[in-house]
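Here are my notes on the complex, as promised. Have a look at the sequence and the model, then read the points below alongside them.

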Amino acid sequence: MTISLAAQINSVLAALILLTAFGLLVQRRIYGLLHLFAWQGLFLSISTAVVGFVAEKHHLYISSLLTLTLKVIVLPYILHVLIMRLKIHKEIETVVNVPTTMLIGIALVIFSYSLTSPIRDLSTHVTKSTIAVALATVLLGLLMMITRRHAVTQIIGFLSMENGLFFAATSATYGMPLVVELGVGLDILIAAFIFGIFFFHINTAFDTLDVEQMARLKEED
Amino acid sequence: MSVAIPYILDGLQIIILLFAAPAFAGWVKTLKCWFQGRTTAGVLQPYRDLMKLLHKDIVLAENASWIFRFTPYVVFGSVVLAGGIIPILSIDLPLSATADIIALVALFTIARFFTALAGMDIGTAFGGMGSSREKTIASMAEPAMLMAIFTVSLVCKSTSLSQMVQVLAHGEFILRPSLAFALLSFVLIALAETGRIPVDNPATHLELTMIHEGMILEYSGRHLALIEWAGMMKLFLFATLGIAAFFPWGIAAANDFPALFIAALSLIIKLFIAGVSLVVIETGLAKMRLFRVPEFLGSAFLFATLGMLSYFMLE
Amino acid sequence: MTILTLLGVSFIGALILAFVGDRKFAPEINIVCSFATFVASIVLALRVYHDGPFVAGREFFFIDAFSVYLVVLTAFVSMTTTIFSKPYMRREREHGRVGHWGMRFYHAMFQLFIFAMFLCLLTNNVGVLWIAMELATLATVLLVSLYKTPTAIEAAWKYFILCGVGIALALFGTVLLYFAAEKVLGEGGEALLWTNLSQVSGQLEPTVLRLAFVFLMVGYGTKVGLVPLHNWLPDAHSEGPTPISAVLSGLLLNIALYALVRCKVLVDGSLGTHLAGNIMMGFGLLSILVASFSMLRQKDIKRMFAYSSIEHMGIATFAFGLGGPIATFGALLHMLVHSLTKSSIFFTVGHASQMHDTQEMSKIRGLIRGNPLVGWGLMLGVMAIVGMPPFGVFTSEFLILTATMKDAPLMTPFLLLGLGVAFAALLRRVQPMVSGHIPSWQHPLKASHVPVILHMVLILVIGLYMPDFLSRWFHMAVELLK
Amino acid sequence: MTATPFTLASASLFIIFSALALVPLLFRNQRVLIMAVFSLTAISSLLSLIAGIWTVRDGITESYIILLGLPDLPFHMRLDPLSGFFLTVIGALGFIVSVYSIGYVRGFIAQRPVTSLVFFYSLLLAGMFMVVLADDAFFFLISWEVMAASSYFLVMFEDERTENRRAAFLYLVIAHVGAIAILLSFGLMAGFATGFESFNGYTFDAMRKMDIPSSWAAVAFFLAFLGFAAKAGVIPLHVWLPDADSVAPSNAAALMSGVMLKTAIYGILRVTFDLIRVFPWWWGAVILVFGLITALIGILFAILQQDLKRLLAYSSMENIGIILIGTGMAMVFTSFNMTALSALALIAALYHTLNHAMFKGLLFMGAGAVHHATHERNMEGMGGLIHRMPWTAALFLIGSVSISALPPFNGFVSEWLTFQAFLLSPALPNPLLNLLIPLAAAILALTAALAATCFVKAFGITFLGRWRGNHDTPIHEVDGFMKTGMGLAAAMCLFLGVLPTFVIDWMDIVPERFLGGKLAASAGEFGWMWLTPISYTRASYSGPVVLLGITAIVALVYIILHARSTTIHRVPLWGCGFEKITPRMQYTGTAFSMPIRRIFGFLFSVRERIEVDAEHGQRAFPKRVYYSLKIRDRLWNWLYQPVTDASFWIARQVGRLQQGRIQMYLIYPFITIIILLVLLR
């Protein structure tokens, strides 16, 4: 596989990741969100593997394996168990209606593209074109957290931001040193456990997972 | 021997003050009677009143404190001391270095301070009212008085009276508008300070109108004599102060005999004129309501400040 | 070797306490662990003090004057906090506000949190710095929701989400930093090592560094609690148990600022302009003004002191942004005395709220008469935190304000306004609490004397007589940050 | 150790700190604590008094470095004639009030523990000594705010009363904002002294050698003036003074009003004449105007007060105004470098500082004695105390006579010198000043006269007449310590009034060292008894002759009149024949000041309410009449109320930032990132 072919595959995968990010933004049903998130994790791990192969960086294989297990298998399973246990109703209302969110999303992609232009013309890596996509995924994840009212969707937004960051790491610098990769993975795993525990607490205290209820601590009176 | 002459002269001046003051007061009363068509009790009536009071017993309130009994002496002492300082006959007096005009005004303030306290000591409403009104008027009259005198002192570049007389009388004569303003305001202030008609009626017995009388209501016997005598001396001193500050031409420069004689003569003539002008003012005007007095004193204050400003601008 | 003991003791402590957290002797283990780490940190400090900064563990750890002073401070304050938490948590346990699992979780997470902070300070690798910061956040998230009340859970959730987002942005900044460093230092782990980065910061690519600094600033800025990224801080610091608030306010903010200043040194090296400083000054000033005005309307005692932490972190950030030897010296001193004073205040606040079973300031009265240590401790603590002279905070504010008056005189009216309003706000609330007769609903309490007295004496000593070694220590750190 | 003034001063500081250390040991036994600590503070004040007198007499200047503070910014201490003079003032009143306090504080033992009062009293004294000795910005500000904090706790002594808390809070906020202003001004001067590479820019020596452009010098000066004005109670920042001094325990109030305000004057003198030294004339004019307004407003408020200690606090404002007038004149003359005239003006200001410390301390101690005996602060409820408390009454009278500037006593000397400074003004080349000075003289004369009215009222209503209070409380004279304290202060008032030439000769080194002008030569030239500033032909005043003259004449008249024995009959009071005069019919304080209130009413916001409660609504036959008078400071709702409302409004707007919904919180970092990235394109 020549370098240019790998680059093409990588950019296809980047496009797919961006697609799933947009999908997450607009998807109403919670199971749909779960599946989209799993797909995004899969594309990310494949792209890491491809980059690892192209740049002969063997530690990337471990990192892609880590992403595969974590983002595609473990996290979706945890979320699936929680959703079943907490009997979350399927329909998710968004704070801002879908068309405007899409518009903002597109604006963010353009913004991140123009923003990462200096990095692109500096970077010698084959994957320099995908940095803009990585930044866009991060910002879209943030946008998703802002526009969603449900705790689970916020967590999925947070995790998709992490995916964006991992993707940025691989595309900008052929992946961070292994120690850092492992550390970040470990943190995400702990974060997963924590938000699981949180879901139970919130459910018992507020007996709903709607974030709008949680607005007691304010100083506007 | 020649050293002692100024001291003797100063003693003589105090004695003249002591005995001339009742005469001047008597003279003013008799003039007033003539102007109002009443038969006079004669110029010597004040002497007779004082002698009578000195011999009578004292009737004192139960709760009168030592301040009430001590005040007449302080008032008398401060006024006599002031008399020793003002150059009535000659300017070469040993005591004249003791106080300049500001200190002189302050001596009169001591008298008023203690009289006001005595007024409040007995605890009657009239005493309190007299003290309150007296101090209110005093606190507006005193600044105007100081301003009038400041104008004169700015003209003569000194605040000690003998120096001012020296500059005005024996220096070359210049017509100064600032002095005219100062004189006008000084006359208004003198009326207020000595408690004459437009501000306070010295001869009244209607409690609600009297200010100075209100404070000394409870006095009797020799205490009342001392206070009455001090009042008369204060009137006499204000007249001589006015003469010394504004018409000093007769006052002797050195202590030789002929100059003193001329000084005495000019003093008598000036006092005569002063008495007549005072009575003309008193019979011409009626006593003002208490809350008209601030405007009266305000205008005096205005004249004095105008005098000072004109000094800077014109001279 | 000492580094390993430092990290090891706290990690193993966390593991042990995970199992025996609820036993009688659990607090004692907690204290012993912290005391051990404190001794280790002293040894470390002496070594750095004598033979300068050194690298250990095959370049994984790096300690210089700037990081070791924070290590000692962290160890000391965590030790005194464990001493304070013994009676406090026992009372919470008796009143049933914390269960069996809660106690075990509390002690374990406390030690893990200390471990994470030490890792942050000691590591040489900027990536590991990020991971340790994330670990510290995660450790304290559940501690904030220990009481399981709705508001506590809400505060913890906001803390988790907002800090998570902030830290993610910081990761992106680190990636950009790594990208720029890779150009100069080549592939592999060396590019992220702080020792290499600081030497080579002159050749790093300015445009990329500028972008990286923006992300790092917003990321770590969220952790420092600078306005407008501060919204999580008042909730998190006021809902958790008081020892946690003390440690959060006192230490975690310092470490976030430490990370931010490390990045600023790199960015200054490559950019050459005063850009990073100006951004930090902007954020600092905004924090001072917003925090001091919002203190005016607080009703909850811990929320008020959380806002005071935001204000003081704003002052420190402003001073670091200002740069120059005196301002940096002042900023370092300010971080030290602020964490000492704030943790001592939180100790007294903890006792005060336990005495009245509420955090409502309107219900807390007659503290001096009720419990002289808590009353005078709180009063003198507040006197210290608002910058009244005999205490250390005045010294640092004196240096910072005079430096500002020289270099940026136009900023001083805002500083004057901020400090004045903060002073009035704090005093207005604390004065009625401290004075007056004992209210009927106040019940007596045996307060832990040692930490409060220890902290106040230290601040007084630093305020009146700065020991020579401490000032030389700061000068070494100032050389690094120039 | 060779005995130099500085060793004495440091010994006195050492004694005070040992007294502070003593407090935790002795606080179990309150009586022993009071006796021990207050005698130690008395001794230390005495030592400082001697050190101060010695320094000024010989014009010694010593400076030392103490290894406290930052290693490269240790505490610099310096004792020069200016600080020596203020050390004398503080030491003198410190000694007197400490003696007084032994008796006064004993009265509190029954009510509450006095440990905090004793501790913070000595800390206040120590703070004041250190402020005067400080020679670098760091040590100066530390002692400045130690002084502020200790007086805060003194005002908070009876902390269960809300007015104490309110007064203490207001005081500390204004003092702290003032202190920050001073800090900024020192920062500016330090900046111009040596640039900012090293720490030694903060010492006053470095600041003396700074070359500061005149625009920055103006900023530095007016910042410092704002700070010191906040502590001195100058007009816009004066609201704390009456509240704080009226609720504080009287011995603390005596120290605070008597000397603590003077440390602010010391600050102004140190900054203008020692650090900046060269300044345009309009600075002096601004200080003069501030002094005038403060004096006039201060005394007008004093007259209207019903609470004795509030009256004294407001009158402190007036005297501070007079001192500022003297300082302003000195600055004006210095800017036109007329050294002799500026020496006269400065001596007038310094002399009045010393006088005010003495008679205000005396009056506050008197008020404390009255409060101690009657537990009553409102003058309307007192009266006739002269019969039960003769000693306090006599000493309070001496205080009132001195403060009303009547000749034999000290108040007159300093006001007379200030008037002389005015009268010598026509020599100024600037026409505007020549017009401003007469108006200033007029206002000063008005305040002097109003002061006399105010203290006639204060003394008359409290001590003379009959007891107005409805219940007959057992009032007894105060104990020995309090009487000795007040007696010492009264003796000082007389001494300073009668022998001004010696005092001026003693303190002449200060204007000579800082302004280059001397006054003593001309002041005592006509003889030690006569005070003749500039030249004896211009003006002369002799305290001793006035005293001797009056006493001689009074004695003479007394002897002559008592030659014949006339009996004195004691009868119930006459009152123009009205029989049943009750004590309620006496003139009250409000009535006494009613004319003044009517005339100067436009200056205050006065709320008078008269309610008549008559049977079935016929106003003509009132059963009971309620009269209430509320006088508020207009400045409160022009300046302070808007400031508080504005800050609370801003706080509400800022509160909207924290409105609870997590989505809003997430938007903030999002927008911050976008803005920063766009800005740094």
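1. A word on contacts before anything else: two residues count as touching if their C-beta atoms, placed from the backbone, lie within 7 Å. By that test chain A and chain B share no contact, and their closest C-alpha atoms are 54 Å apart. Chain B and chain C do not touch either, with 41 Å between their nearest C-alpha atoms.

2. Housekeeping: this is a predicted model, in which local features need pLDDT of at least 70 and side-chain atom pairs count only at pLDDT 80 or more, while totals for chains, interfaces and linings use all residues. Residues are numbered from 1 along each chain as its sequence is written, and chains are lettered from A, with ligands numbered from 1, in the order in which they are written.

3. Which chains share the most contacts? Of the four pairs of chains in contact, that is B and D. Here 69 residues of chain D meet 69 residues of chain B. On the chain D side, helix 17 (431-463) is among the elements that supply at least two residues each, as are helix 16 (410-423), helix 22 (543-561) and strand 3 (568-571). Helix 17 of chain D gives the largest share, 14 residues. (Helices are DSSP runs of H or I with at least four residues, strands are runs of E with at least two, and both are numbered from the N terminus.)

4. What is that side of chain D made of? By class, 49 of its residues are nonpolar, 16 polar and four charged. The classes go like this: Ala, Val, Leu, Ile, Met, Phe, Trp, Tyr, Cys and Pro are nonpolar, Asp, Glu, Lys and Arg are charged, and the others, Gly among them, are polar.

5. Strand 1 of chain B (residues 58-61) runs parallel to strand 3 of chain D, and four bridges join them; strands pair if DSSP finds at least two bridges between them. In this pairing B:Leu60 sits opposite D:Arg570.

6. Now the A–D contact. Chain A puts in 14 residues and chain D twelve. Helix 6 of chain A (residues 131-147) contributes the most on the chain A side, with three residues. That side of chain A has nine nonpolar residues, five charged and no polar ones.

7. Chain D by itself has 25 helices and five strands. Its radius of gyration, taken over C-alpha atoms, is 27 Å, close to the 26 Å from the globule rule for 681 residues, so chain D is as compact as a globular protein of that length. The rule is 2.2 Å times the number of residues to the power 0.38. Along the principal axes, the C-alpha atoms of chain D fill a box of roughly 100 × 75 × 60 Å.

8. Chain A has eight helices and zero strands. With 221 residues, a compact globule would have a radius of gyration near 17 Å, and the 18 Å of chain A agrees. Its C-alpha trace spans about 55 × 35 × 30 Å along the principal axes.

9. How much is buried? In chain A, 49% of the 221 residues are; in chain D, 59% of the 681 residues are. Buried means 20 or more other C-beta atoms within 10 Å of the residue's own, exposed means 12 or fewer, and partly exposed is in between, with C-beta atoms placed from the backbone.

10. One local spot: A:Asn97 lies in the loop between helix 3 (59-86) and helix 4 (98-115) of chain A. A:Asn97 is exposed, because it has 9 other C-beta atoms within 10 Å.
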